[in-house]
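Visitor: I have a structure to go through and would like to ask some questions about it. May we look at it together?

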Amino acid sequence: GDYVWLDLKTGREFDVPIGAVVKLCDSGQIQVLDDEGNEHWISPQNATNIRPMHPTSIHGVEDMIRLGDLNEAGILRNLLIRYREKLIYALGREVSSEEAKDIQEVSDSVFGVSLCSRSERERESGRTEDC
């Protein structure tokens, strides 16, 4: 049940280690389950792509400056944990999902268009500049 960072080195542009939990390690191979639910079997010779996860990254933290793994992978995992728990960051403080809906409704009425649909249109047209 140890938590680890799994560096898959896929060669993709945004290649960062992913969080995983060790499920089995007594069969000559190490079985891990990553944060996306994918199972990986790693041979001992390839175990160099596994490193221990700091305890603060296991369940996440409210204030990310407190992360022991204060790097891209640690920050992304913390955001993933908070997203799954519906603990969204906004306005310099934690915002509940109910407050997030209120913010969206206010922005819709003030700007007359959904921020989400505006962003989708900009992506489709290739225009991504800020307002």
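This is a predicted model: local features need pLDDT of at least 70, side-chain atom pairs count only at pLDDT 80 or more; totals for chains, interfaces and linings use all residues.

Visitor: How many salt bridges does the structure hold?

Guide: The structure holds one salt bridge. D35 forms it with R77, and the closest N and O atoms are 2.7 Å apart.

Visitor: Which parts does that pair tie together?

Guide: D35 lies in the loop between strand 3 (30–34) and strand 4 (39–42), while R77 belongs to helix 2 (residues 72–84), so the pair links parts that are 42 residues apart in sequence.

Visitor: Are D35 and R77 buried or exposed?

Guide: D35 is buried, with a relative accessible area of 16%. R77 also counts as buried, at 7% relative accessibility.

Visitor: With which side chain does the side chain of D34 make a polar contact?

Guide: The partner is the side chain of H40, at 2.8 Å. Leaving aside residues up to four places away in sequence, D34 touches I18, G19, A20 and H40.

Visitor: Changing topic: which residues make up the largest nonpolar core?

Guide: That core has nine residues, namely V4, L6, I18, A20, V22, I30, V32, I42 and I50. Strand 1 (3–6), strand 2 (18–24) and strand 3 each supply at least two of its residues.

Visitor: Which strand gives the most to this core?

Guide: Strand 2 does, with three residues. Strand 2 is also mostly covered, as five of its seven residues are buried. In soluble globular proteins, nonpolar side chains tend to be buried together.

Visitor: And I50, what does it touch?

Guide: Not counting residues up to four places away in sequence, I50 touches V4, W5, L6, I30 and I42.

Visitor: How do strand 1 and strand 2 run, parallel or antiparallel?

Guide: Strand 1 and strand 2 run antiparallel and are joined by four bridges. W5 stands opposite G19 in strand 2.

Visitor: And over how many bridges do strand 2 and strand 3 pair?

Guide: They pair over four bridges, in the antiparallel sense. V22 stands opposite V32 in strand 3.

Visitor: What phi does G28 take in that hairpin?

Guide: G28 takes a positive phi near 90 degrees, and the hairpin has five residues between strand 2 and strand 3.

Note on methods. Residues are numbered from 1 along each chain as its sequence is written. Side-chain values use heavy atoms; hydrogens and water are left out. A salt bridge is a side-chain nitrogen of Lys or Arg within 4 Å of a carboxyl oxygen of Asp or Glu. Buried means under 20% relative accessible area, exposed over 50%, partly exposed in between (1.4 Å probe, protein chains only). A nonpolar core is a set of buried Ala, Val, Leu, Ile, Met, Phe, Trp, Tyr and Cys residues joined through side-chain atoms within 4.5 Å. Contact means heavy atoms within 4.5 Å. Two strands pair if DSSP finds at least two bridges between them. A polar contact is a pair of N or O atoms within 3.5 Å; within protein, one must be able to donate a hydrogen and the other to accept it, and residues adjacent in sequence count only if both atoms are side-chain atoms.
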